[in-house]
Amino acid sequence: MTTLIRKVWESVSNRKGPNSESTSSSSLATSSTACLGAFDRVPTDLLMQIVRLVGPKEAAKLSAVCKAWRCLVSDNELWIFFLQNQKEREEPDWDSFLFTETHLRYGYPLQPFWSQMPQLSFMAIYGQREEVPGSVIIDGGSGYCKFGWSKYACPSGRSATFLEFGNVESPMYSRLRYFFVTIYSRMQVKPSSQPVVLSIPICHYDDTESAKASRRQLKEAIYKVLFDMNVPAVCAINQATLALYAARRTSGIVVNIGFQVTSIVPILNGKVMRKVGVEVMGLGALKLTGFLRELMQQNNISFESLYTVRTLKENLCYVAADYEAELSKNTQASFEATGEGWFTLSKERFQTGEILFQPRLAGVFTMGLHQAVALCMDHCHSAALTDDDAWFKTVVLSGGSACLPGLSGRLEKELHGLLPPSVSTGITVIPPPYGADTAWFGAKLISNLSTFPSPWCMTRKQFRQKPKVKLMW
């Protein structure tokens with residue numbers, strides 16, 4: 001530090017007169033340098049450049065030197081710079097960081113504090129995030145489960161949930177315990193060592209007393225299993241809400257294309273609006289893969305496993321902007337599947353995704369995706385929950401099959417054509433922000449908050465004292 005300052009000072013020692021000193025871009029100006037000792041003559045902007053070079057840890061140490069140094073290095077602009085340039089750490093981008101720290105830091109129910117943002121000390125937030133314990137993230141989808149550490153860039157492991165944990169005849173407690181024990185075993189970590197953030201599929205969609213009782217039963221079983229395994233703290237949130245957070249939103253409609261079904265979930269300020277209505281289509285990723293398999297069989301394209309078909313779906317299929325026009329085009333493309341060689345598909349590439357909008361092509365008698373989303377929007381509009389209808393006009397896609405190229409554009413186009421201008425104006429459809437791992441990344445944002453785990457997690461003691469505590473899912 002001393003050597004660096006000396007070298008920089010020598011390089012500018014030829015500056016003459018007070019007029020040569022640059023005006024600081026910081027709000028600190030010269031008042032901050034009044035007691036900087038030997039550095040009184042160094043322009044403030046130059047000092048800030050030096051502090052930027054030494055990095056956040058050394059800058060934090062400087063705050064203990066004296067009040068003037070503390071004032072200098074606590075400037076929010078300096079720490080925003082540090083937060084935007086953390087190449088050595090797996091932190092979210094600045095926009096996601098700002099969203100979480102201003103909207104999610106106080107837990108649920110959400111309390112946005114945009115008006116208080118200037119009062120936030122990013123130096124303090126940086127230090128708090130350094131102290132946040134790593135957590136285990138488990139995104140327990142009905143088809144595939146992703147798990148890993150919150151400090152990692154992406155999930156470290158994946159399991160086919162429907163194959164390994166699908167014995168619905170077993171008691172719920174036994175199934176859940178086997179599921180969690182298996183995940184912790186694969187991660188090679190003791191449950192008692194870290195909090196866990198659990199992503200749960202939307203289930204029991206209605207707002208009836210029966211559905212509420214089922215959700216309560218599932219909640220209590222999950223918490224009981226994890227606390228019996230000595231997990232210190234548990235945060236359980238539904239996948240739709242986490243996908244919305246990953247898109248840096250707290251309100252909107254999440255279209256989650258799951259393994260078996262597709263759910264259209266209205267969310268206002270982080271809360272699922274079941275009273276408005278969660279729409280469900282009996283068509284999910286498994287049906288898309290199965291339909292592609294049928295198309296390949298009809299065209300005498302041989303394959304060895306359904307996994308190969310799924311791979312082709314993920315790498316070759318897309319959604320046409322105009323289905324009828326696409327039928328007359330040459331859409332042939334090839335992909336090499338590991339162990340099975342090259343496959344060439346043509347119309348199958350867009351016919352697969354088309355069943356989301358025309359389910360009857362696959363023999364499924366349900367409304368199309370655009371119709372289900374439009375119905376949900378119509379219900380939101382009629383409910384008049386807020387003075388501003390904009391909250392439900394952001395649609396966030398989630399799930400592996402939601403990553404099909406062209407899906408967001410096609411859905412947005414269909415919604416504008418289906419809804420009246422009073423409702424359709426301003427509609428935006430956002431593709432999965434982090435692909436198939438969108439819900440996992442939403443959990444990562446929460447688990448790396450400066451205030452985590454306290455506002456978001458429940459401890460065993462809290463669960464025993466308030467077993468009927470309301471959760472956002």
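Reply: A contact means heavy atoms within 4.5 Å. The model is predicted. Among contacts between residues at least 6 apart in sequence, 67% join residues at least 24 apart. The protein has 20 helices and 14 strands.

Me: How many of the 473 residues are buried, as a percentage, and what makes a residue count as buried?

Reply: The share is 52% of the 473 residues. A residue is buried when its relative accessible area is under 20%. The protein exposes about 22,300 Å², and carbon and sulfur atoms supply 50% of that.

Me: Which strands make up the open sheet, and in what order?

Reply: There are 6 strands, in the order β3-β2-β1-β4-β5-β14, with mixed pairing. β3 (157–159) and β14 (458–459) each have a single partner strand, so they stand at the edges, with one side of each lacking a neighbour in the sheet.

Me: How do you know that β4 and β5 pair?

Reply: Pairing needs at least two bridges. Strand β4 (residues 196–200) and strand β5 (residues 233–238) have 5, in the parallel sense.

Me: Why is the pair Y144 and F259 called edge-to-face?

Reply: Rings pair if their centres lie within 6.5 Å, and planes over 60 degrees apart count as edge-to-face. Here the centres are 6.2 Å apart and the planes make 85°, so both conditions hold. The count of aromatic pairs comes to 17.

Me: Where in the chain do Y144 and F259 lie?

Reply: Y144 is in the loop between β1 and β2. F259 is in the loop between β6 (252–257) and β7 (262–268). They are 115 residues apart, and the pair links distant parts of the chain.

Me: Are Y144 and F259 buried or partly exposed, and what decides it?

Reply: The cut-off for buried is under 20%, and exposed starts over 50%. Y144 has 28% relative accessibility, so it counts as partly exposed. F259 has 12%, so it is buried.

Me: What makes R410 count as a charge over a ring?

Reply: The charged end must be within 6 Å of the ring centre and within 35 degrees of the ring normal. R410 sits over the ring of F357, 4.4 Å from its centre. R105 also lies over a ring face, that of Y106, at 5.3 Å from the ring centre.

Me: Why is β12 called largely enclosed?

Reply: Because 5 of its 5 residues are buried. Both faces are covered: T394, V396 and S398 lie on one side, V395 and L397 on the other.

Me: Which strands does β12 pair with?

Reply: β6 and β12 run parallel, joined by 4 bridges. N256 stands opposite S398 in β12. Strand β13 (residues 428–430) also runs parallel to β12, with 3 bridges. There, V395 has V429 as its bridge partner.

Me: What does T386 touch, beyond residues up to four places away in sequence?

Reply: T386 touches L268 and W391. T386 lies in the loop between α16 (369–383) and β12 (394–398). L268 is 118 residues from T386 in sequence, yet 9.4 Å away in space, C-alpha to C-alpha.

Technical notes:
Residues numbered from 1 in each chain as written. Predicted model: local features only at pLDDT ≥ 70, side-chain atom pairs only at ≥ 80, totals over all residues. Heavy atoms only, no water. Helix = DSSP H or I, 4+ residues; strand = E, 2+ residues; numbered from the N terminus. Phe/Tyr/Trp six-rings, centres within 6.5 Å; stacked < 30°, edge-to-face > 60°. Buried < 20%, exposed > 50% of the residue type's maximum accessible area, 1.4 Å probe, protein only. Areas by Shrake-Rupley, 256 points an atom, 1.4 Å probe, with all protein chains shown as cover.
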